[in-house]
Amino acid sequence: MIQHDDDVPEEFVEALRDICMGLPDAYEEQAWVGTRWRVRGRTFAHVLTVVPDTDAAYARVVGADQEVTVLTFRAAEEELDALVAGGPPFFKARWGRDVVVLALVDDVDWTEVAELMTESYCLLAPKKLVALVRRPS
């Protein structure tokens, strides 16, 4: 098991680990802050707790003035637009054209998160790995 910063609640890391490690050739690693999941060197999911004074770029995106745990991932343009149009807890990152930030607050819909992580993975993984992915019907 990979060590991660104590700032990310263990239940979030465990839930994401269960989702992400089920994808072909996915691996988990410690990021500069928080934990990320990658395929072939490309990050498809990253969870961290944003501290406004330290993580200013993230704090500005979610409008945080206190600590909040966030999940960043990739989304196709129309999916990104739909998620962000619905408002919080989804936000468009100010970096990367396809990066979504999800504030993990209140009741997290882990079924939706699993679908979003699968799609994020499929955007970055090689086609031969994407072909092995079981997508929800």
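In these legends, Ala, Val, Leu, Ile, Met, Phe, Trp, Tyr, Cys and Pro count as nonpolar, Asp, Glu, Lys and Arg as charged, and the others, Gly among them, as polar. The structure shown is a predicted model.

**View 1. Lining of the largest pocket by residue class.** The lining of the largest pocket comprises 7 nonpolar, 3 polar and 2 charged residues. The volume of this pocket is about 170 Å³.

**View 2. Centre of the largest pocket and the strands around it.** Of the 12 residues that line the largest pocket, Thr43, His46, Thr72, Arg74 and Trp95 lie nearest its centre. Two or more lining residues come from each of strand 3 (42-50) and strand 4 (68-74). Strand 3 gives the most to this lining, with 4 residues.

**View 3. The cis peptide bond between Pro88 and Pro89.** Pro88 and Pro89 are joined by a cis peptide bond, for which omega is about 20°. Pro89 belongs to the loop between helix 3 (77-85) and strand 5 (90-92).

**View 4. Asp25, a residue with positive phi.** Although Asp25 is not a glycine, its phi is positive, at about 60°. Asp25 is located in the loop between helix 1 (10-20) and strand 1 (27-30). The relative accessible area of Asp25 is 46%, and the residue is therefore partly exposed.

**View 5. Arg40, a residue with positive phi.** Arg40, a residue other than glycine, has a positive phi near 50°. The loop between strand 2 (35-39) and strand 3 contains Arg40. Arg40 counts as partly exposed because its relative accessibility is 45%, partly exposed being the class between buried, under 20%, and exposed, over 50%.

Methods:
Residues numbered from 1 in each chain as written. Predicted model: local features only at pLDDT ≥ 70, side-chain atom pairs only at ≥ 80, totals over all residues. Heavy atoms only, no water. 1 Å grid on protein atoms, 1.4 Å probe; cavity = no way out; pocket = protein on both sides within 12 Å on 5 of 7 lines; lining within 4 Å. Points joined across faces, edges and corners; volume = space filled by probe spheres on them. Buried < 20%, exposed > 50% of the residue type's maximum accessible area, 1.4 Å probe, protein only.
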